[in-house]
Amino acid sequence: MSQFLTDLQHYSFLQHALLTGILASVACGIIGTYIVVRRISYIADGIAHTVLGGMGAALYIHRVYHWHGVVPIHGALIAAVIAAIVIGLVSLWAKQREDTVISAFWAVGMAVGILFIARTPGYSEDLMGYLFGNILMVSSDELWMLAGLDVIIVAVGLLFYNQFMAVCFDQEFARLRGVNVELFYLLLLCLAALTVVVLATVVGIIMVIALLTLPVGIAALFSTTMWRMMAISTILCVIFTTSGLVLSYGPDYPAGATTIIIAGAAYLGTTTVKWVLNRGQS
Amino acid sequence: MSEKDSSAILIKDMWFSYDGYTVLEDVNLAIPKGDFVSVVGPNGGGKTTLLKLILGLLRPFRGEIRVFGLLPEAARPRIGYMPQHAQLDPQFPATVMDVALMGRLGHGRPFGLYSRKDKEIVGEALDQVGLYNLRKKSFSSISGGQRQRLFIARALACEPELLLLDEPTANLDMVMEGDLYELLHTLNQRLTVVMVSHDLGFVSTVVKNVICVKRKVLIHPTSEITGEIINDIYGSPMRMVRHNGAGAGSCHSS
């Protein structure tokens with residue numbers, strides 16, 4: 001702990017890591033709440049895994065064609081938004097089974113990513129970073145990009161709070177009140193896609209879903225309103241990412257996995273305590 | 001005044017089918033402004049379908065529907081709708097006030113917070129259904145009957161000229177049902193009410209016309225409803241209950 005604090009003053013990578021965690025937490029609290037109350041975490045997870053395809057493709061272009069302007073996060077963004085829109089359109093209009101389409105995106109996205117990374121010269125450690133997070137490797141360019149994404153997510157997410165709430169709660173009624181239900185649903189999925197990209201840096205694409213749902217799951221136990229759920233889950237998410245970073249630093253554990261273990265333990269702990277208390281009451 | 005001007009709802013030669021199965025057949029209907037109509041009929045007879053057609057959520061296969069002389073989609077801002085025992089997430093994190101405020105969407109600013117005026121209107125709507133004191137309670141903590149009234153308040157918050165209610169008396173006990181009819185009677189003085197009823201418990205002093213929906217749609221003044229008509233709708237002898245004002249009722253077996 002003290003080692004972490006001393007190093008934090010000297011090393012910019014640690015400062016970046018800390019800031020990345022905090023930025024990601026704000027997006028996570030707001031969009032995670034929408035995802036949980038609308039019960040679309042499976043869609044969010046599908047989008048998260050599709051991201052690997054985009055990352056792999058961007059990395060391949062970067063290394064093989066020497067397009068140095070293209071970095072994996074660009075590919076991640078494009079893949080995430082495409083996945084969000086296609087899955088969204090399918091779930092709105094097509095007669096296909098929605099979960100089948102999500103599974104297809106999920107698996108094919110990962111397969112594309114793995115193929116690209118296998119054909120890319122250089123270290124294959126990149127793959128591990130994408131899958132499980134590389135919060136200690138965030139450059140200042142990337143940090144600016146994450147901050148920009150964060151601003152978009154938070155601004156749109158809060159500006160249309162009433163519309164998103166109505167669409168999540170009662171789609172038919174929202175439509176009758178003149179809300180463009182399809183547009184807001186797709187917008188919500190796109191915001192989820194951007195959030196997934198931000199979170200993937202922190203915990204990796206495989207574990208994104210835990211950070212999107214667990215803080216909200218705990219917050220739900222103490223919230224009767226959505227904005228409160230957002231506030232509490234943001235704070236929890238800051239606590240989880242920061243403590244994950246701090247606790248993993250000394251013994252050199254993977255930071256992403258440590259964060260998830262802490263979040264999972266907190267979720268299990270609070271729900272158990274709540275359950276025991278409720279049992280005592282009845 | 002022509003029929004078109006004075007009608008809240010006008011349906012002409014309308015047919016609706018779903019997956020090749022005809023649900024509503026050759027519907028001709030004119031509901032004047034200020035009417036109070038109860039829609040009755042057997043399950044699957046097309047009552048809810050008729051409401052959804054009036055709301056423009058479903059499109060007729062043939063014929064036309066006009067609400068206040070407009071296409072249903074265009075008339076939506078003037079309609080307040082309460083869905084049938086809404087299949088909504090009871091765990092949704094929202095207060096009673098939050099839910100009722102959804103009725104104000106589409107009235108004010110396209111984004112941002114609800115205005116003070118929105119909150120006043122919603123407060124009044126909650127007061128009318130007797131939920132104002134519970135406005136800060138969470139949606140998950142209120143009872144089924146209270147939810148029912150909340151959805152009526154949400155429909156009232158739209159400041160409608162036409163109120164469409166799908167089974168508003170489901171989940172309500174006798175006393176609450178009486179209160180609800182009284183409220184609807186008051187509201188009927190300034191707006192048109194169309195209500196789907198889960199049973200034949202229509203109140204003769206409140207309901208002016210009864211629409212019978214069973215593939216075909218027929219409208220009768222409440223006073224002309226007889227046992228024969230009811231048998232005709234439901235296809236089997238039914239017990240008819242007529243409420244005459246405050247609890248003094250008589251039952252007829254037909």
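Residues are numbered from 1 along each chain as its sequence is written, and chains are lettered from A and ligands numbered from 1 in the order in which they are written. Local features need pLDDT of at least 70, side-chain atom pairs count only at pLDDT 80 or more, and totals for chains, interfaces and linings use all residues.

**View 1. Chain B in outline.** Chain B has eight helices and eleven strands. Helices (H or I, at least four residues) and strands (E, at least two) are DSSP runs, numbered from the N terminus. Of the 254 residues in chain B, 39% are buried. Buried means 20 or more other C-beta atoms within 10 Å of the residue's own; exposed means 12 or fewer, and partly exposed lies in between, with C-beta atoms placed from the backbone.

**View 2. Confidence along chain B.** The mean pLDDT (the predictor's confidence in each residue, from 0 to 100) is 82, and 83% of the residues of chain B reach 70 or more. Helix α4 (residues 96-101) of chain B has the highest mean, 94, and strand β11 (residues 249-253) of chain B the lowest, 33. Across residues 241-254 of chain B the pLDDT is below 50. Where pLDDT is low, the predicted coordinates should not be read in detail.

**View 3. Strand β8 of chain B and its partners.** Five of the six residues of strand β8 (residues 209-214) of chain B are buried. Strand β3 (residues 36-40) of chain B pairs with β8(B) in the parallel sense over four bridges. Pairing requires at least two DSSP bridges between the strands. B:V210 is the bridge partner of B:S38. Strand β9 (residues 216-221) of chain B pairs with β8(B) in the antiparallel sense, over six bridges. Here B:K214 stands opposite B:K216. One residue lies between the strands of this hairpin, and B:R215 takes a positive phi near 65°.

**View 4. Where chain B meets chain A.** On chain B, 20 residues are in contact with 22 residues of chain A. Contact means C-beta atoms, placed from the backbone, within 7 Å. The chain B side divides into 14 nonpolar, four polar and two charged residues. Ala, Val, Leu, Ile, Met, Phe, Trp, Tyr, Cys and Pro count as nonpolar, Asp, Glu, Lys and Arg as charged, and the others, Gly among them, as polar. The predictor gives the complex an ipTM of 0.86 and a pTM of 0.88.

**View 5. Helix α8 of chain A.** Helix α8 (residues 161-169) of chain A is largely enclosed by the rest of the structure, because eight of its nine residues are buried. Among them are A:F164, A:M165 and A:F169. The cover includes α2 (12-37), α9 (171-176), α10 (181-203) and α12 (226-249) of chain A.

Conventions: Contact = placed C-beta atoms within 7 Å.
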